[in-house]
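Welcome, and thanks for taking a look at this one with me. Here is a short briefing to read alongside the sequence and the coordinates.

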Amino acid sequence: MKRYIYFLLTFLFLMFWSSCRKDFEFSPSTGNLEFSKDTVYLDTTFTNIGSSTYTLKVYNRSNTDINIPSVQLGLGNGSNYRLNIDGMAGKVFSNVQIQAKDSIYIFVESTININDFANDGTFLYTDQIQFDDGTNQQNVELVTLVQDAVFIYPNRDYDTKIIETLSLNIGGEEYETDIQGRTLQPNELHFTNEKPYVIYGYAAVPNGYTLTIDAGARIHFHESSGLLVSEGASLHVNGEFSSDQDLLENEVIFEGDRLEPDFSDIPGQWGSIWLFEGSTNNIINYATIKNGSIGILCDGGAEASEDALKITNSQIYNNTGFGILGRNTSITAENVVLNNAGQSSFAGTFGGRYNFTHCTIANYWNNARQFPALLLNNYIVDADENIVVTDLTEANFNNCIIYGNDNPELLFDEVEEETVNFNFKFTNCLIRFQDYTNYYSGPNYDFEDTIHYEGNIFNQTPDFFNPEENKLIIGENSAAINQGLPGFASQVPTDILNVNRTTTPDLGAYQHITFPEEEN
């Protein structure tokens, strides 16, 4: 009985208390809202590509629950901005409520077609979010810079939703692949610096043609996209030295298609520049290749008289797999900087021919990785689990730096066969290799053997400026200073910053500098 009376009294108290609450009595807004920012800047986007989602927080600092009669975009339903308030998407909202001492989030996005406006390639699009009207109206400005671009994308059947895939000519026969993309047409084989290029899927350079890319061009790839240089085709990247090392105005830059600053150093945003087996005379000069899966994948051509790839004065970094992956191919590299790869910065696999002079091959990947900065091997495992071995005809590294945040940063993965060559030599290089447990053994790791090693420095500091941020110029405390052989320096007489190195060559792609005190 006592328990029954207790429950009854409790129930009556709650009923009485609830009837007195005024939680749902909202007073009209008086124009005293506060905002987390007075202008929302939506970073630069390409025409017709949706922006990231940006956040605005709206505060009710008063002691009164308020009702905002209207929240809307200034251009109304015709605006190219979109809002989301409390899970509701739209452009015009009525009776938006904020409790006392509380706040709400408004999420803002945009998709803008630059062709709707008269412009010279860029367009500043603005609107505002209007809270209430009349004397109580408060505004938050919205600003987006929209950039025009040349778009290259495969065809799509909108009924079947099937996206066009590449057909490749291999050895004179056509093979269908499941790679989404399309072949570039003859009138598309010259990329200029007039507008950026945005590529969806893989854009293939057809057999017998050359894709020429001018200095200052900007190439952006969507997710899982890239370039494919077919058998018998070529890629010529004609970048030039840039006096402004922040703008890199003359360099050719390959990166993802998200322009927001938060995406500027995110790996894995696109696929690869794939130099297909049988492609020839590929030349890359003054390029930055970043934020992909494999910066350059170069296949075949180990036996050809002409290198499959010559790359000079270029930077490749922030790739989830490899910076450069060579597979039984031939590569000459001079003044090349490699860094931050989820596997190896450079891997020469399944044999081949490799000649690297005055290169910086580093890896400061900030997560665990399986392989060192530099990997060489001479085999593959085929689909039937058979090991196929071939010659590593030569792998020469001259006046280079091979370093990173792991140890060791050099690995030989050789399958030994009497009739197969495994030829390599490191001459006047700074190398990180400390084998505390004597795990690595055999003739490949005999650093006293002058057939494979000559004039090298081990485990001393390269004194990079900021390797985690891909700033690999060396300072005054570097062990690489004046350690280069002049003969190799004369082959590459200026460093990647166009500084002469012929008299006192430092190792790697850079001559040393004095670091600014405030940044060192």
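Among contacts between residues at least 6 apart in sequence, what percentage join residues at least 24 apart? In this protein the share comes to 67%. Please keep in mind throughout that the model is predicted. Its secondary structure consists of 2 helices and 44 strands.

**Overall dimensions**

- The radius of gyration is 30 Å, well over the 24 Å that the globule rule gives for 520 residues, so the protein is more spread out than a compact globule.
- Taken along the principal axes, the C-alpha atoms fill a box of roughly 95 × 60 × 55 Å.
- Of the 520 residues, 50% are buried.
- The accessible surface is about 25,000 Å², and carbon and sulfur atoms account for 47% of that area.

**The nonpolar cores**

- The largest nonpolar core has 75 residues, and the members that touch the most others are F254, F346, F397 and F426.
- Strand 30, covering residues 322-341, gives the most to this core, with 7 residues.
- Leaving aside residues up to four places away in sequence, the neighbours that F426 touches include L374, F397, I402, L410, F412 and I431. H452, Y453, E454 and N456 are also among the residues that F426 touches.
- Another core lies apart from the largest one; it has 28 residues, among them V96, I98, I106 and L142.

**Strand 32 and its partners**

- Strand 32 is covered on both faces: T360 and A362 are buried on one side, and I361 and N363 are buried on the other.
- Strand 32 pairs with strand 30 in the parallel sense over 2 bridges, and L338 stands opposite I361 there.
- Strand 32 also pairs with strand 37, again in the parallel sense, over 4 bridges. Within that pairing, T360 has I401 of strand 37 as its bridge partner.

- H358 sits in the loop between strand 31 (346-357) and strand 32 (360-363).
- Is H358 buried or exposed? Its relative accessible area is 0%, so H358 counts as buried.
- The side chain of H358 makes a polar contact of 3.0 Å with the side chain of N399, and another of 3.5 Å with the side chain of R501.
- H358 and N405 are 47 residues apart along the chain, and their C-alpha atoms are separated by 20 Å.

**Strand 6 and its neighbours**

- Strand 6 pairs with strand 9 (residues 102-110) in the antiparallel sense over 5 bridges. I85 stands opposite I106 of strand 9 in this pairing, and I106 is one of the residues in the core of 28.
- Strand 6 also runs antiparallel to strand 7 (residues 88-90), joined to it by 3 bridges. Here the bridge partner of I85 is M88.
- The hairpin of strand 6 and strand 7 has 2 residues between the strands, and D86 takes a positive phi near 50° in it.

**Backbone geometry to check**

- As background, most residues other than glycine have a negative phi, and most peptide bonds are trans.
- Which peptide bond is cis, with omega near 0°? The bond from N407 to P408 is the one in question. P408 lies in the loop between strand 37 (401-404) and strand 38 (410-413).
- N340 is not a glycine, yet it has a positive phi of about 55°. The residue belongs to strand 30, and N340 counts as buried because its relative accessibility is 5%, under the 20% cut-off.
- N470, also not a glycine, has a positive phi of about 65°. N470 is placed in the loop between strand 43 (464-466) and strand 44 (471-474), and with a relative accessible area of 9% N470 is buried.

How values were computed
Residues numbered from 1 in each chain as written. Predicted model: local features only at pLDDT ≥ 70, side-chain atom pairs only at ≥ 80, totals over all residues. Heavy atoms only, no water. Core = buried A, V, L, I, M, F, W, Y, C linked by side-chain atoms within 4.5 Å. Buried < 20%, exposed > 50% of the residue type's maximum accessible area, 1.4 Å probe, protein only. Contact = heavy atoms within 4.5 Å. Polar contact = N/O pair within 3.5 Å; in protein donor to acceptor, adjacent residues only side chain to side chain. Rg over C-alpha atoms; globule rule 2.2 N^0.38 Å. Areas by Shrake-Rupley, 256 points an atom, 1.4 Å probe, with all protein chains shown as cover. Pairing = 2+ DSSP bridges.
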